[in-house]
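Subject: Structure for you to look at

Hello,

Here is the structure you were waiting for, with the sequence alongside. My notes on it follow below.

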Amino acid sequence: MSLSSAISIAQQAFSNTAQQTAIVSKNIANAGNADYSRRLALLGSTGNGAQVVSIYRAQNEALLKQSIASIGEASGQARLREGLELLKSGLGGNNYETAPSKLLSEFRNSLQTLASTPGNKTIAAAAVTSAQDLADSLNKTSANVQNMREDADKEIALEVDKLNSLLADFERVNNEVKSATATGGDANDALDQRDKILKQISEIVGISTVTRGNNDTVIFTTDGTVLFENIPRQVTFAPTTTYDATVTGNKIFVDGVPIAPGSGADTTAKGKLASLVQLRDDIGPKFQSQLDEIARGLVELFKEGGQPGLFTWGTAAVPPAGTVVPGLASKITVNALAKANPLLLRDGGFNGVVSNPGGAGNPSPGYTGLLDGFINKMGENMSFDPSTGLDGTSSLLNFATGSVGWLEETRKTASAADDNKRAMLSRTQEALSKQTGVSIDEELSLLLDLEQSYKASAKLVSTVDAMMAALMEAVR
């Protein structure tokens, strides 16, 4: 080997070491970046020895796709759980202290207390107050449900705007990847950015991807609708400003195709949008219908002379049996006559129908027939609308308890599914990280190897320098 060849080899070794060291330094700097894939310099043989021929980006397409799918599932389940937790907190928390079922039971107890001392006006007033607490609970819970639906609608609008922005970013980065791939440039940073955007998109809507020639990627929703192919497809949504039990929210469209809502407590929703639609259009309305049926049952049980008695709802008629009246729970209240004269609970007379045998002029203070009838009817079967998801034939007490039970069972199932999907996402991300992430130990070990390579190259240069000096001395 000539001295000039030795110098060329040493120069190439220094160049390789410098490039490899730069890559290792970049890896270490991004060790905590979950969206960064490890880089590795690939060497090839040349006339002057080994040379860095390309920069390899660690990747595993199968695990990446699984991670993106898991992100969508976990995001959808988490958002459903949050909505159910919000409904629960509106009912008093863990013990459902302010739930209509609890206040209904307390109201029945107050009627039983009044029946034991029917002439006590103070106890009668307490029973009327208990009835008003029950009506207030139905009003407040109904308002909470509609607020939850309205908030979900607002969040849908924000997430749709975010999704359209991410798709625009994806178009730009995808073009960078295609351009770099076509010209043989370095597409690694753009690939990192593209994968990051895909993960962010999957939090909003479930997706799958196909990579074509030139590293071009096409995005589909999990329903099979094209979300991105060369250009983004437009995602559209028209918000609804005010919600009540009669309002139905608008659909979300991807290129004119509606996004399907999730279903079930262990939801099929992938991404936030499907869960938000499920909360707005399924969970919320179903719970609202249960509240409306509890309110309708109260109006029906306490009616007098074919008209609303103790409980009124702004209409003179008693609602038809077994049929949901949307929004009734938000309207129900206690008859003002009961507040003025609490003993009407004992005697009747809201609509001129007095049950007390002594009549309105000389009521019997020990009369309990009407109170006993109310107490018994609350435990007797009546018809309810089966669209509520609860028993079509049940007592009012059992129906109200079943409503809270339905909400709690749905919440618990959603919570367990959320834990499972989070665990699956964690395992998937861990597996992907092992394949593509940065290990500080490995990088530091590689730095030590590069240090030895540098020392060897420096030794070679030193040796060549000594030989050149000896040669020059000999020539003199």
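Helix α3 covers residues 100–116, which is 17 residues. In this predicted model, α3 reaches 24 Å from its first C-alpha to its last, close to the 24 Å expected at 1.5 Å a residue. Its buried residues are P100, S101, L103, L104, F107, S110, L111, L114 and A115.

Next, the helix pairs. Two packed helices are described by the angle between their axes and the distance between the axes.

How do α4 and α5 cross, and at what angle? The axes of α4 (residues 121–183) and α5 (residues 188–204) come within 9 Å and cross at roughly 160 degrees. Angles over 145 degrees count as roughly antiparallel, and α4 and α5 are therefore roughly antiparallel to each other. Their crossing is left-handed. On the α4 side the contact is made by E159, K162, L163, L166, L167, D169, F170, V173, N174, E176 and V177. On the α5 side, A190, L191, Q193, R194, I197, L198, Q200, I201 and I204 take part. By class, the residues of this contact are 12 nonpolar, 3 polar and 5 charged.

Helix α5 also packs with α2 (residues 61–89), at an angle of about 30 degrees and with the axes 7 Å apart. Since angles under 35 degrees count as roughly parallel, α2 is roughly parallel to α5. This crossing is right-handed. From α2, the residues L64, I68, I71, G72 and S75 meet D195, L198, K199, S202 and E203 of α5. The contact of α2 with α5 has 4 nonpolar, 3 polar and 3 charged residues. L198 is listed in the contact with α4 and in the contact with α2.

V299 lies in helix α6. Is V299 buried or exposed? V299 counts as buried, because its relative accessibility is 0%. From V299 to G366 the C-alpha distance is 25 Å, and the two are 67 residues apart in sequence.

V318 and A340 are 22 residues apart in sequence and 22 Å apart in space, C-alpha to C-alpha.

Last, two backbone entries. Most residues other than glycine have a negative phi, and most peptide bonds are trans. N214 is not a glycine, yet has a positive phi of about 70 degrees. N214 is in the loop between β3 (207–211) and β4 (217–221), and its relative accessible area of 39% makes it partly exposed. N230 likewise has a positive phi of about 70 degrees without being a glycine. N230 is found in the loop between β5 (226–229) and β6 (231–232). With 39% relative accessibility, N230 counts as partly exposed.

Regards

Notes: Residues numbered from 1 in each chain as written. Predicted model: local features only at pLDDT ≥ 70, side-chain atom pairs only at ≥ 80, totals over all residues. Heavy atoms only, no water. Axes fitted to C-alpha atoms, helices over the stretch in contact; angles between N-to-C directions. Helix = DSSP H or I, 4+ residues; strand = E, 2+ residues; numbered from the N terminus. Parallel < 35°, antiparallel > 145°, perpendicular 65-115°, else oblique. Left-handed = near helix turned anticlockwise from the far one by under 90°. Contact = heavy atoms within 4.5 Å. Nonpolar A, V, L, I, M, F, W, Y, C, P; charged D, E, K, R; others polar. Expected span 1.5 Å × (residues − 1). Buried < 20%, exposed > 50% of the residue type's maximum accessible area, 1.4 Å probe, protein only.
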